[in-house]
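Opening the notebook on this one. I want to go through a few spots and jot down what I find.

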Amino acid sequence: MLEIRNLHVTVEDREILKGIDLTIHPGETHAIMGPNGSGKSTLANVIAGREGYTVTEGEIRFDGKNLLDMDPETRACEGLFLAFQYPVEIPGVANLYFLKAAVNAIRKYRGEPPVDAMDFWDLVHERMELVKMDESMLKRSVNEGFSGGEKKRNEVFQMAVLQPRFAVLDETDSGLDIDALKVVADGVNALRSPERGFLVITHYQRLLDYIVPGQVHVLVNGKIARSGGKELALELEEQGYALYNEEPGRARRAAA
Amino acid sequence: MTAAAPLFSDPRRQRFTEFVANRREPDAIIRLRREAFDRFETLGWPTRQQEAWRLTDLSALQSITFQQPADALVDVETLPTLDGPTHRLVFVNGRFAPGLSRLPELPDGALITSLGQAVTTHPERIEPYLDRLPGLEQHPFAALNTAFWEDGAFVHLPRGTVIKEPVHLVFYAAGGDANVHPRLLLMLEDGAHATVVVEYRGQGRYLNAPLAELALGSGAALHYHQLQEESPQAFHLGAVQVRQGRDSEANLHLVSVGGQLARVDLAVLLDGEGTRCALNGLTLAREQQYGDYHVRVEHARPHGTSEQRFKSVLDGKARSVFDGMIHVRPGAQKTDARQTSRNLLLSKQAQAHSNPRLEILADDVKCGHGSSTGFLDPDAEFYLRARGIPATQARALLVHAFANDHLNQIRLTPLRERLARLLAARLALDLVEGESTP
């Protein structure tokens, strides 16, 4: 469902991604691991359509459609979801209002009428329990004053309500203690289905104990250095990324 | 470019002489008018060489010959209403329109009526109080209002009187280059409570130069709302004066959306111990609109609290000015005075000027001010779009969130809801019924 071919991306004239190939089919969960600065978040942002990234070569197809031609809202309406590494605080916009606006925007795109108020309320309550979120968070402004864990839970909660067909989780584990990590992972696992694909981006193997991927890719210096099964994550945990850190520039920086 | 014509041929003086000759008023009121007109002549028409008028460009006004207002008919449908029972006074071109007004019964001693009538029926209640509040002595348009006011509202609540229904004062100007000077004199004696909504509206081109005097006795409480929705061609040069007695509470909400040029000078004197004052201002301006608040909050006694929160949302080539002074007199210890000015620019040509000023002459006070001006947060916009919300709706939601925070301070529900609809309409935003943002 997601096909990335020879993707080259620059940010402010610096090449960050240097030829990525990746195919994810429905029902598959892939993990991308890599050291800081390897281009993991760039990949997530390019898939979601954030400004400031220039694709100089290659393509991304989503169900055969050219994803790079779509603006971010169209991608979301097509069934793509990005769980943000740094969820944004939006003072003055209530979480519930925001979610309903998103649900209705997606329904409108599909030619469906606005969601029934009772149905929406039932869905929200059911999904809130999935991520053990307190009802008070619905009335609060989007992410405003949320703890790091609450923000990440809110991302998974939004995903559970919007029910995308493909989700990218960008370092959803960062800043979570083990209990919060389990809650978030349970929420993701509950959504896993034969129709849905996931791309889990993480720095640490720990998350992959709970969200077990079918395939693991190691991203180093803008390229996929290695791909393998879930055991690759364990190997990385033991050996670290040092094995892949061959670029002199990066090594110097690490030493400094 | 000052209007320094010789006095004897000054058409404004001639207009004034004719105006007072036709007024049937007690001598004391006529004397006030003459003093005020002399004061205006001493002050002169404001120029941009004066610090207080540096950013306010009045040149568009000076090329227009404004007229004394005439009687005019108004389409009732264009007059704003508030749901629920109100004490309602309507003024068209500065003149009381009894047929459009509605005044329910009042508690003993309370008076809500036309000021023009009250100067003859209740001179003892007016003369000692009219034009007595300090703070705007240097304001030429306040002086012109005292010289030229034809009518306005008089609200007098004796000690301990509480009226629950809002006092709704509608001032409508009917264009024709009229220069209207509506007046409001409000006196809440000790412990009195009132909620007031003042609305300025009109059609065509005119100059509205209203003046409101709000006096609060000890322990009095006032919720005052002023909604400026003048016509797009109109000029609005208004002034509000407030004096607060001990332990009184004044909450002022000012919303400015109309007019090609709109300025309000606001002077608050916290003249008793333990007074509390909240000033909230919101300006929505677009195209070539200019919106300006000049605020002076003066703490004269200890233990006073004041908070100024002013916001503007500017599109097109609109400009806004916020000039806010906090003055703490010697001896006004334990003052807690705060001020923020936040401006949201929706276009690169829009401009916001923010000029916070503090003069603190006491040594045991808490005073703070903050100011920010910026564009919409692109990260927030992307976050909303990444959830499927179209770009235009995402931007409208963010603007709404910025401005709605102001509206949520308004406790008068029918007004708050009307303003929320006005804001949503300006932003072309469909608000989900009953689920407006917090």
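I started with Glu171(A), which comes out buried, with a relative accessible area of 9%. The model is a predicted one, so I keep that in mind throughout. I found Glu171(A) in the loop between β9 (166–170) and α7 of chain A. What does Glu171(A) contact, leaving aside its neighbours within four places in sequence? I get Lys40(A), Gln85(A), Lys152(A), Ile201(A) and His203(A).

Next I looked up Arg196(A), in the loop between α7 and β10 (197–202) of chain A. Is Arg196(A) buried or exposed? Its relative accessibility is 16%, so Arg196(A) counts as buried, the cut-off being under 20%. Not counting residues up to four places away in sequence, I see Arg196(A) touching Met1(A), Pro26(A), Gly27(A), Glu28(A), Gln163(A), Pro164(A), Arg165(A) and Leu191(A). I also checked Arg196(A) against Asp119(A): they sit 77 residues apart in sequence and 23 Å apart in space, C-alpha to C-alpha.

**Helix pair in chain A**

I then turned to α6 (residues 148–162) and α7 (residues 178–191) of chain A, whose axes come within 10 Å and cross at roughly 10°. That angle is under 35 degrees, so I call α6(A) and α7(A) roughly parallel to each other. I noted the crossing of α6(A) past α7(A) as left-handed. Which residues meet here? From α6(A) I list Lys152(A), Arg153(A), Val156(A), Met159(A) and Ala160(A), and from α7(A) Val183(A), Val184(A), Gly187(A), Val188(A) and Leu191(A). By class, I have 7 nonpolar, 1 polar and 2 charged residues in this contact. Two of these names were already in my notes: Lys152(A) is a contact of Glu171(A), and Leu191(A) is touched by Arg196(A).

**Helix pair in chain B**

In chain B I took α2 (residues 27–43) with α6 (residues 140–148); their axes come within 7 Å and cross at roughly 150°. I therefore put α2(B) down as roughly antiparallel to α6(B). This crossing is left-handed. On the α2(B) side I wrote down Leu32(B), Arg33(B), Ala36(B), Phe37(B), Arg39(B), Phe40(B) and Leu43(B), and on the α6(B) side Pro140(B), Ala143(B), Leu144(B), Thr146(B), Ala147(B) and Phe148(B). I sort the contact of α2(B) with α6(B) into 10 nonpolar, 1 polar and 2 charged residues.

**Cores**

Which residues touch the most other members of the largest nonpolar core? I get Ile47(A) and Leu199(A), in a core of 116 residues. Helix α8 (residues 391–407) of chain B gives the most to this core, with 9 residues. Apart from it I found another core, of 42 residues, including Val167(B), Phe171(B), Leu186(B) and Leu252(B). Back at Ile47(A), leaving aside neighbours within four places in sequence, I list contacts with Leu2(A), Ile4(A), Ile60(A), Leu67(A), Arg75(A), Leu80(A), Val168(A) and Leu199(A).

**Positive phi**

Most residues other than glycine have a negative phi, so I noted the exceptions I came across. Asp13(A), not a glycine, has a positive phi of about 70°. I place Asp13(A) in the loop between β1 (2–11) and β2 (14–24) of chain A, and Asp13(A) is exposed, with a relative accessible area of 78%.

His303(B) is no glycine either, and has a positive phi of about 65°. I find His303(B) in the loop between β16 (290–299) and β17 (305–314) of chain B. With a relative accessible area of 45%, His303(B) is partly exposed.

Definitions and conventions
Residues numbered from 1 in each chain as written. Chains lettered and ligands numbered in written order. Predicted model: local features only at pLDDT ≥ 70, side-chain atom pairs only at ≥ 80, totals over all residues. Heavy atoms only, no water. Core = buried A, V, L, I, M, F, W, Y, C linked by side-chain atoms within 4.5 Å. Buried < 20%, exposed > 50% of the residue type's maximum accessible area, 1.4 Å probe, protein only. Helix = DSSP H or I, 4+ residues; strand = E, 2+ residues; numbered from the N terminus. Contact = heavy atoms within 4.5 Å. Axes fitted to C-alpha atoms, helices over the stretch in contact; angles between N-to-C directions. Parallel < 35°, antiparallel > 145°, perpendicular 65-115°, else oblique. Left-handed = near helix turned anticlockwise from the far one by under 90°. Nonpolar A, V, L, I, M, F, W, Y, C, P; charged D, E, K, R; others polar.
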